[in-house]
Amino acid sequence: MFAYIVRRVLYAVPILIGVNFITFALFFMVNTPDDMARAQLGAKQTTPEMIAAWKQERGYDKPLFINLEAEGIAQITDTLFTQESIKLFKFDFGQSDAGRQISADIYERMWPSLAIALPTFILGLFTAISVALLVVLFRGTVLDTATMMLAVTIMSISGLFYIIAGQVLFSKLWHWVPISGYQPGVEGIKFLILPILIGVFAGLGTGIRWYRSIFLEEMNKDYIRTARAKGLDEIKVLFRHVLRNGMLPILTGVVVVIPTLFMGSLIMESFFGIPGLGSYTIDAINAQDFGIVKAMVFIGSVLYILGLVLTDISYTIFDPRVKLS
Amino acid sequence: MTMVWLWTDFLLWLLLMVFIFGWRSIRRSPQSQKQWRKIFQSKIAMAAVVVLSTYFSLALLDSVHFKINPQQTLQQGPVASYINPYLQDWVDPQLHGKTLSLLDLFSQHLILSTERTYSAPFALQEYSSSIVYTENGVEQQFKPLQYAGQHLDNPDEIFKDVIIKSIYALVLSFFITLAIWVVHGYFRIKAYIFRDITVKIEPLPWNSFYLALLTVIFVLTWLFYLSHYYHVLGTDKVGQDVLYQSIKAIRTGVMIGLLTTLVMLPLALILGISAGYFKGWIDDIIQYLYTTLNSIPGVLLIAAAVLVMQSILNTHSDWFGSTEERADMRLLFLILILGITSWTGLCRLLRAETLKISQVEYVAAAKAFGLGGFSIIRRHIMPNLMHLVLIALVLDFSGLVLAEAVLSYVGVGVDPTTPSWGNMINQARLEMAREPMVWWSLASAFGFMFILVLAANLFSDRVQWVLDPRAH
């Protein structure tokens, strides 16, 4: 098991290098340091000297991939690509354009993101699975058809609509909760309720359909027929067999998502004024702050790969048939 | 008249050609013809197709761009110089020299009837009062609109007027549908007489088709007819008609939904099949490629790419002749980026399926006969993957349309000058804080988007049900 995890983590290294190369290509090759300097210093009165000074200050004055002036191994290490990559892998993201330490910002802002994302995720999962089980129990009836119609409708409405409609109804007209804002601790719950409920509802359509199809597929298997033939009633079949065996495909979808939860939701956080990582990213995008976007891309991919490794590990725990080798 | 070809126009028409070609090849193969008939045997699918083709036709109409020259010039070809005088008479002089689309020809009155500021749907006066100097001193007044309801003698008649005009529109659309029914009926009877009587064919639900068609035609005629007299969906902050904006946004939505698949399809097909068929180091490289791309969060990759592109466009503003070309380039670039980030899922699916198919006996037999790799792929593997491709395409469409709105809201979507539902929502968001609220811009953007996405979802459900053997 331990050897397997080590191998999986090592396998992630080339992928991270690849991710790093893509971001590097985007931020330094397509949009060269000269362009960045010009954009930062303002277009009109930039002299080559000013650009050179700006680049030196940032450490952007090195060659991209191969430094011909250096000796030996430094030909590769003393380049922009290597320097930037080493910094990223040390989780040293440097400073944002506003002059703050990006790593510190990220640490501070991950908690509000988690406060929204975690309850949304757990509640959403629970609701969708319960409804899906109910629908499977009453499959082929009017309830089934009506729920599926509703699910398609929920899916077809833009997520932006739920947020706007929710804010208008619950905050503006009925004054149940504040429109936006955030406060740490128990006091802050009133700010979180609405975004969490909207998040759960918006994901319900896709969730119900997905879990229903998983359960229905399980329903058609031989062992279920045997269980029914033995005289097991439908509810026992559903909870003892279908739910337990359906957990495996559900797990695959779920575990990958868990690590990325702390990235937050771009839209939700910016609409509700929650100072999490989602609104951090969206602000960076609007301010064209490349440093922050680069850091978030890297962290996002690290978390995704972490999710994949976790999925594999959780398989072995839940399904004894799967052996890691 | 000068034709103006935007890149996205060209690609959309190319896609239409591909559709027509694909449809012809379906007609030749009895197997796929049977499958398609099965798809259309669902009433819901029939209605969804009517809605989808309406959106698609509007997008096509909006993808023929031209300029009307105020004066005849000698460089024009014979056809253009023949058409130009007619168009000059038909198009309002204020629009001469501007880039117009065929759709704009029919909605000139909407472009030109720009009010001063907000007005509600069917309103006859402005939404907010303004200060007017009269002989009694300073007064708060709701100013009347310049273009809406000018034909009414008395503002109270508006309800009666709208009802009467709606009845006209209903009668007219009924006759249009009837005409289509008669023409179609003639061909159906002809086909029925000359059909192969040994083959039993399940009838298609034409009743639902005509019901949907009647509804769509009625809505279109109603909107078109009433838009000459009122701002049916109100006006926005600068007084532009909201109906016009919503309809213009169709092109952007359809472009992003359809053209993205056009970009990703070749990538996914070529890489997926090569990985599954050739295996070995090719497989390793392709797997590495898509795992890497997949592990970058989609929205962030798109945001990063669009940011970089924006700063390039800003530093090279001399590349484009007009703002339209620039906005179009940005739309095309967004489509490319979306395509590059979304091919990985389909590629993985195709790789797995190709791996499975290449183990099957008939492929082994073909290999034993000495058939080359490419012929095997073309004759045996590709046809067996087509259903997966089709399912992936119809499933992706609605997600892409919805994604456009979110991306435009984030600020990394289409150009702010391009009409799109995302831009409409983004602009209308601030109006929520107004008291009383301006809701119609948001409502119509969401409404138009909802109908398109719902139809696409319903249709894709049916396609999946028929083509995916596991869906039952």
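In the predicted model, 42 residues of chain A are in contact with 43 residues of chain B. The two chains bury about 3,700 Å² between them, and 76% of this area lies on carbon and sulfur atoms.

Polar interactions across the interface were also counted. Between chain A and chain B, 5 residue pairs are in polar contact, with both residues at pLDDT 80 or more. The rule finds 1 salt bridge across the interface. A salt bridge joins the side chains of Arg209(A) and Asp461(B), with an N to O distance of 2.7 Å.

On the side of chain A that touches chain B, at least two residues each are supplied by helices H1 (2-30), H7 (142-156), H8 (159-173), H12 (266-272), H13 (277-286) and H14 (290-318) of chain A. H1(A) gives the most to this side, with 9 residues. By class, the side of chain A that touches chain B has 27 nonpolar, 13 polar and 2 charged residues.

The largest nonpolar core holds 179 residues, of which Ile106(A), Trp421(B), Ile425(B) and Met449(B) touch the most other members. Helix H9 of chain B (residues 242-278) contributes the largest share of this core, 18 residues. Another core, of 22 residues, lies apart from it and includes Ala117(A), Tyr211(A), Phe215(A) and Val242(A).

With neighbours within four places in sequence left aside, Trp421(B) is in contact with Tyr55(B), Ser246(B), Ala249(B), Ile250(B), Gly253(B), Val401(B), Glu404(B), Ala445(B), Phe448(B), Met449(B) and Leu452(B).

Definitions and conventions:
Residues numbered from 1 in each chain as written. Chains lettered and ligands numbered in written order. Predicted model: local features only at pLDDT ≥ 70, side-chain atom pairs only at ≥ 80, totals over all residues. Heavy atoms only, no water. Core = buried A, V, L, I, M, F, W, Y, C linked by side-chain atoms within 4.5 Å. Buried < 20%, exposed > 50% of the residue type's maximum accessible area, 1.4 Å probe, protein only. Helix = DSSP H or I, 4+ residues; strand = E, 2+ residues; numbered from the N terminus. Contact = heavy atoms within 4.5 Å. Buried area = accessible area lost by both parts, 1.4 Å probe. Salt bridge = Lys/Arg side-chain N within 4 Å of Asp/Glu carboxyl O. Polar contact = N/O pair within 3.5 Å; in protein donor to acceptor, adjacent residues only side chain to side chain. Nonpolar A, V, L, I, M, F, W, Y, C, P; charged D, E, K, R; others polar.
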